[in-house]
Amino acid sequence: MDLDALPKVMGDDGEFHATDEAVDLSHTTIEGWVSLAIFWVLGAVVFYQFFTRYALNNSASWTEEIARYLLIGTVFVGASIGVAKNNHIQVDLLYRYLPAPLCRAMSMVVDVLRIAFFAAMVVLTAQMMQKMGSYQMTIIDLPMNIVYGVCLFGMAMMTLRSAWVMKVHLQRGYSVLERPETTMEDR
């Protein structure tokens, strides 16, 4: 590798002259912002727990429970980002060896089943919330349905994102399963 052929980062004055690309957050989804907010609250709670435990030598008991629920919220809401990018774990081995029309049909079945699964999870989560009624958290006097409501939001967003992914697959005529080298941005 020829180092002189690479872009020059350090000037003759000995200072770095690297410039970063502009950060574009316009494509960040609503669930991305919600997940980020939950994550920052989680970070604050864990920091408070660390501070009270090691600096004050008197750990706040509520932080353990709230941190667990915030982590659950981060995962369920953040999972919809993975659905939108269509980059969850998937097996594409069969798609390499089967005929293209069969692969297309299997890909469509995967899209339909994914939507059906997430829609079923929305319904089941809503039913569980109804059965939980006024069940309270263990330490904090708040309803557990707050936690399940965040999970319901995440599942609903995953359902909507799955439908959007299927629409993109229909429009462009192939899915990531059929062409693993592509991404959702390829049109």
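Reply: Buried means under 20% relative accessible area, exposed over 50%, and partly exposed in between (1.4 Å probe, protein chains only). At 38% relative accessible area, Val46 is therefore partly exposed. The model is predicted, so local features need pLDDT of at least 70 and side-chain atom pairs count only at pLDDT 80 or more, while totals for chains, interfaces and linings use all residues. Residues are numbered from 1 along each chain as its sequence is written, and side-chain values use heavy atoms, without hydrogens and water.

Val46 belongs to helix H1 (a DSSP run of H or I, at least four residues, numbered from the N terminus). Between Val46 and Thr63 there are 17 residues in sequence but 7.0 Å in space, C-alpha to C-alpha.

H1 (residues 30-55) packs on H2 (residues 62-85) at about 160°, the axes being 9 Å apart (lines fitted to C-alpha atoms over the stretch in contact, with angles from 0 to 180 degrees between N-to-C directions). H1 is therefore roughly antiparallel to H2 (an angle over 145 degrees). In their contact are 15 nonpolar, 8 polar and 3 charged residues (Ala, Val, Leu, Ile, Met, Phe, Trp, Tyr, Cys and Pro are nonpolar, Asp, Glu, Lys and Arg charged, the others polar).

The largest nonpolar core has 11 residues, including Ile38, Leu42, Tyr69, Leu70 and Val147 (buried Ala, Val, Leu, Ile, Met, Phe, Trp, Tyr and Cys joined through side-chain atoms within 4.5 Å). H1 and H2 are the elements giving two or more residues to this core, and H2 gives the most, with 5. Another core, of 5 residues, lies apart from it, with Ala79 and Phe118 among them.

Notes
Parallel < 35°, antiparallel > 145°, perpendicular 65-115°, else oblique.
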